[in-house]
Amino acid sequence: LLREGRGDPARAARVLRELANLGGDAARRANELAALHRDALTGHDVGAVGELLAADEALEAGRFEEARERYARVLAEPGRIAGLDVARARERHAVSLHRCGRVLEAADELERALAETNDDSRAREVARLWYALAEELAAREPGARSDARAERAAVALLGRSPDAPEADRAR
C-alpha cells in the first residue's frame, strides 16, 4: 500500500487502523508499520498510534513543548496503543521535559523508564541519563530529596553500567 511514493496513504492508514483494532500481534505489527512509514502517513488518521508518531516527529524537529504534551497524552493512556514500548515513550518524554527546562520531572520520568525497560543496553543509557539529571538537580537544589534521588540514580548507574565514564563519581 505504500511503495516508494506510489501507494495510497489514505488507504494504508485505514488498513493500519483496522489491524490495530484487532489487538494482539496484528496491532503491534500495524503500529510498527505506521512508525516505519510515518512520513508517508503524515496527515492521515492512523489511530491512537498517530499521537505517538506525532510526538516522535515533534521531538526530532525540536518542538519540545509539543512533544512533551503529546508524550504526556500517550502515557496517560498507554493501553490505547497495542505493543507500546512504555519505557521508550517515557525516555523520550523525559528528553522533551528536560529540553523544556523541567529537569525534576525529566529525572522522575527517567526513573520510571528505567524500572520499566527490559532492554539491557537501553537500561544502561537510561541509567546514565538519570544519573546526569540527578547530579544536576543535586547541584542546583541541595537537600535531602536531591541527595536521595542522586543516591538512587548512582545505585542504578553502578548496577547497570559500572564501566560508564561517570561511574567513578557515582561511587
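Helices here are DSSP runs of H or I with at least four residues, and strands are runs of E with at least two, each numbered from the N terminus. Counted in this way, the protein, which is a predicted model, has 10 helices and zero strands, and reading along the sequence gives the pattern α-α-α-α-α-α-α-α-α-α.

As for overall dimensions, the C-alpha trace spans about 55 × 30 × 30 Å along its principal axes, and the accessible surface of the protein comes to about 9500 Å², with 46% of that area belonging to carbon and sulfur atoms. Of the 171 residues, 37% count as buried. Among the contacts in the protein with a separation of 6 or more, 46% are accounted for by residues 24 or more positions apart.

One pair of helices can be followed in detail. Two packed helices are described by the angle between their axes and the distance between the axes. Helix α7, covering residues 103-116, and helix α9, covering residues 144-160, have axes that come within 12 Å and cross at roughly 40 degrees.

On the α7 side, the contact is made by Leu104, Ala107, Asp108, Glu111 and Leu114, while α9 contributes Arg149, Arg152, Ala156 and Arg160. Sorted by class, the contact of α7 with α9 has four nonpolar and five charged residues, and no polar ones.

Methods:
Residues are numbered from 1 along each chain as its sequence is written. This is a predicted model: local features need pLDDT of at least 70, side-chain atom pairs count only at pLDDT 80 or more; totals for chains, interfaces and linings use all residues. Side-chain values use heavy atoms; hydrogens and water are left out. Axes are lines fitted to C-alpha atoms, for helices over the stretch in contact, and angles run from 0 to 180 degrees between N-to-C directions. Contact means heavy atoms within 4.5 Å. Ala, Val, Leu, Ile, Met, Phe, Trp, Tyr, Cys and Pro count as nonpolar, Asp, Glu, Lys and Arg as charged, and the others, Gly among them, as polar. Buried means under 20% relative accessible area, exposed over 50%, partly exposed in between (1.4 Å probe, protein chains only). Accessible areas come from the Shrake-Rupley method with a 1.4 Å probe; for residues, only the protein chains shown count as cover.
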